[in-house]
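Subject: Structure handover

Hi,

My notes on it follow below.

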Amino acid sequence: MAKMKFLCDAERCIECNGCVTACKNVNEVPWGINRRRVVTLNDGVPGEKSISVACMHCTDAPCAAVCPVDCFYTTADGVVLHDKDLCIGCGYCFYACPFGAPQYPSPQERAFAVRGKMDKCTFCAGGPEEPGSQAEFEKYGANRLAEGKLPACAEMCATKALLAGDGDVLSDIYRKRILRRAGRPETWGWEKAYGADV
Amino acid sequence: MKTSNNPARDGDKGRRRGRIALLAFLGTIFLVVALPLTGYLVVGETAAQAQQEAVNPLSEFWRGARQANEGYTAVTAPQANILITDSGQNWRQVRNGPLATYGAWLMILALVALAALFLLRGRVEIDNGPSGKTVERWTLPDRILHWYTAVLFILLAITGLSLLYGRAVLMPVMGPEAFASYAQAAIYVHNYLGLFFAIGLVLMVLKWLRVNIPKGHDLSWFLSGGGMLKGKHPHAGFVNAGEKLLFWTLAVAGLAILVTGVILLFPQLGQSRDVMQISQVVHAVASILVITFIFGHIYLATVAMKGSMAGMVGGRVDVNWARQHHDLWLKELEQHGVKPETASTKPEKESQQEPRPAAS
Ligand code: HEM
Ligand code: SF4
Ligand code: SF4
């Protein structure tokens with residue numbers, strides 16, 4: 001079985017924010033939420049690096065460990081999803097996540113402003129509803145995985161900095177790039193998300 | 001060498017020789033220790049050189065990124081400019097580990113201890129039985145404030161503990177769907193009523209602050225275990241030392257619960273995740289501490305001490321109960337000329353009653 005992972009090649013990312021836009025568009029992400037974002041370190045300084053980051057779909061996911069209603073689950077593909085019908089909006093997953101992936105819903109929606117069902121990147125794999133159903137789309141966005149497609153962010157990345165897919169395939173691609181450019185590997189965020197041995 | 005006949009000069013010479021020997025000895029030791037150390041001078045320099053070569057600015061860069069270095073992002077969300085933080089993982093370990101484990105043990109052991117105490121000591125009756133005469137202890141506003149805060153406290157404690165322990169305790173019994181809908185209700189109750197509880201707590205702390213200022217006789221109250229160790233009941237004013245301890249615990253931990261609760265309640269105030277993680281731990285630790293104290297408080301007020309509840313329910317307590325538990329207060333009342341009334345007659349002239357003197 002494939003083990004889905006994200007990898008962002010910091011040598012290639014040009015901070016175009018295309019991934020952010022693609023995600024918002026394909027999933028119809030509500031106002032105020034960006035499931036993916038691009039962070040530039042040392043912005044404006046020679047050698048600046050940009051990284052596109054969303055939920056990394058951790059192996060031993062901290063969000064799942066702290067959720068009071070245990071509503072996270074890992075799919076057979078290794079995608080970490082959560083059930084919005086069960087979520088009570090406590091925000092603990094947001095406290096626990098190393099990558100700032102889970103987010104409070106948009107401010108206009110309810111009392112206490114931003115407290116409500118959390119939203120996060122689904123690896124374009126929808127949610128616990130019937131795959132491809134309207135209910136699934138409204139709550140979680142597109143289920144491209146069910147259609148045999150990869151996440152929209154990586155699919156449209158112009159420089160192919162952002163890769164999504166089976167971890168083994170990704171590391172092969174990345175290893176080849178490293179050999180060609182004779183650089184040091186920087187599998188950004190992998191150790192944090194997938195453990196020390198990747 | 002020519003030996004002298006002069007014993008004094010011989011002694012001088014001997015001393016000088018001794019000094020030389022000592023210096024030589026120390027010098028040898030110094031060399032033995034210092035010579036090999038000189039190796040470090042050389043190695044140190046090369047190691048420093050090697051290290052200078054080893055420092056890769058890029059690895060420093062990524063190390064910084066892993067330690068929550070801030071960058072720039074076009075997305076406007078709290079702390080969206082941070083790539084990775086470790087603090088969440090630490091928070092997870094504290095909350096799911098020692099916090100939940102020791103918290104549960106503390107509360108369970110407190111309940112067991114109280115049950116054991118009850119089996120050992122039973123119910124403390126009023127000395128010489130009820131006298132039939134009562135004095136006013138808690139005014140109506142005091143009682144309203146007490147029960148308002150108490151009911152909210154219990155609701156908050158149950159709903160809060162459901163969030164911390166429900167997944168382990170309730171979910172296996174109720175199933176995920178039923179537990180999630182209960183938890184959703186619980187979190188609404190907790191979040192809305194928390195603000196009302198905060199009002200009650202602050203008013204209570206302010207209103208009862210004066211009578212709870214510690215006094216000299218409080219120490220002897222503690223030393224006699226509140227009357228449990230020695231047969232004779234220790235002196236106590238309007239509130240005894242144990243009640244003062246409860247008051248101050250509630251005041252300090254309660255205010256901590258309040259402040260951290262508000263921080264957690266409104267994530268849009270711009271507080272960082274780190275602040276929320278710490279707040280959650282403080283909130284839960286302080287809550288568990290106060291809940292444990294309240295267990296003791298409820299035990300003493302209901303099952304352990306006969307005659308205590310009357311004061312907080314009807315407002316009046318039996319004179320004999322007052323003499324037994326709050327002798328200094330009763331004395332003060334008598335000095336102020338407060339006349340105990342017979343229990344059966346309703347105190348309709350409540351407004352005319354002497355104001356309650358402050359605690360001794
Ligand atoms: C002063 C008013 C209070 C406010 C504003 C408040 C607010 C909160 C908030 C916002 C949370 C996080 C979960 C959520 O979103 O509901 C929480 C959790 C919690 N609260 Fe409160 N609370 C208050 C009083 C109390 C009291 C009096 C207790 C107990 C005696 C308590 C015990 C807890 C516990 C045990 C948790 C769960 C911690 C966990 O899941 O790890 N709270 N509270
Ligand atoms: S990146 Fe965050 S939200 Fe995604 S699985 Fe890991 S802890 Fe959970
Ligand atoms: S906000 Fe929802 S998903 Fe996140 S920990 Fe709380 S209940 Fe679980």
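Confidence in chain A of this predicted model is lowest in helix 7 (residues 190-194), at a mean pLDDT of 83. It is highest in strand 5 (residues 80-82) of chain A, at 97. Here pLDDT is the predictor's confidence in each residue, from 0 to 100. Helices (H or I, at least four residues) and strands (E, at least two) are DSSP runs, numbered from the N terminus. The mean pLDDT of chain A is 90, and 94% of its residues reach 70 or more.

Conventions: residues are numbered from 1 along each chain as its sequence is written, and chains are lettered from A and ligands numbered from 1 in the order in which they are written. As the model is predicted, local features need pLDDT of at least 70 and side-chain atom pairs count only at pLDDT 80 or more, while totals for chains, interfaces and linings use all residues; side-chain values use heavy atoms, with hydrogens and water left out.

The interface

Contact means heavy atoms within 4.5 Å. Chain A puts 54 residues into the contact, and chain B puts in 50 residues. The area buried between chain A and chain B is about 4400 Å². That is the accessible area (1.4 Å probe) that two parts lose on being put together, summed over both. Carbon and sulfur atoms give 61% of this area.

Three salt bridges cross between chain A and chain B. The rule asks for a side-chain nitrogen of Lys or Arg within 4 Å of a carboxyl oxygen of Asp or Glu. One salt bridge joins Asp86(B) to Lys192(A), at 2.4 Å from N to O.

Polar contacts between chain A and chain B come to 15 residue pairs, both residues at pLDDT 80 or more. A polar contact is a pair of N or O atoms within 3.5 Å; within protein, one must be able to donate a hydrogen and the other to accept it, and residues adjacent in sequence count only if both atoms are side-chain atoms.

On the side of chain A that touches chain B, at least two residues each come from strand 2, strand 3 (49-53), helix 2 (62-66) and helix 3 (92-96) of chain A. Strand 2 of chain A gives the most, with five residues. By class, this side of chain A has 32 nonpolar, eight polar and 14 charged residues. Ala, Val, Leu, Ile, Met, Phe, Trp, Tyr, Cys and Pro count as nonpolar, Asp, Glu, Lys and Arg as charged, and the others, Gly among them, as polar.

Inside chain A

Buried means under 20% relative accessible area, exposed over 50%, partly exposed in between (1.4 Å probe, protein chains only). The buried residues of helix 1 of chain A include Cys19(A), Val20(A) and Cys23(A). The buried residues of this helix pack against strand 2, strand 3, helix 4 (134-140), helix 5 (152-156) and strand 6 (162-166) of chain A. Just after helix 1 of chain A, Glu28(A) takes a positive phi of about 50°.

Two residues in the loop between helix 1 and strand 2 of chain A are worth a look. Pro30(A) sits in this loop and is partly exposed, at 31% relative accessibility. Its C-alpha atom is 9.9 Å from that of Lys139(A), 109 residues apart along the chain. Arg35(A) is in the loop too, but is buried, at 4% relative accessibility. The side chain of Arg35(A) reaches the backbone oxygen of Tyr140(A) at 2.8 Å. A polar atom of that side chain also lies 3.4 Å from the backbone oxygen of Lys120(A).

Inside chain B

Chain B has 12 helices and four strands. Of its 360 residues, 39% count as buried. Among contacts in chain B with a separation of 6 or more, 74% are between residues 24 or more positions apart.

The salt bridge count over all chains is 18. Lys207(B) pairs with Asp142(B) at 2.7 Å between the closest N and O atoms. Lys207(B) lies in helix 6 of chain B and Asp142(B) in helix 4 (residues 140-169) of chain B, so the pair ties together parts 65 residues apart in sequence. Asp142(B) is buried, at 1%, whereas Lys207(B) is partly exposed, at 45%.

Lys244(B) and Asp218(B) form a salt bridge at 2.8 Å, N to O. Both Lys244(B) and Asp218(B) are buried.

Best wishes
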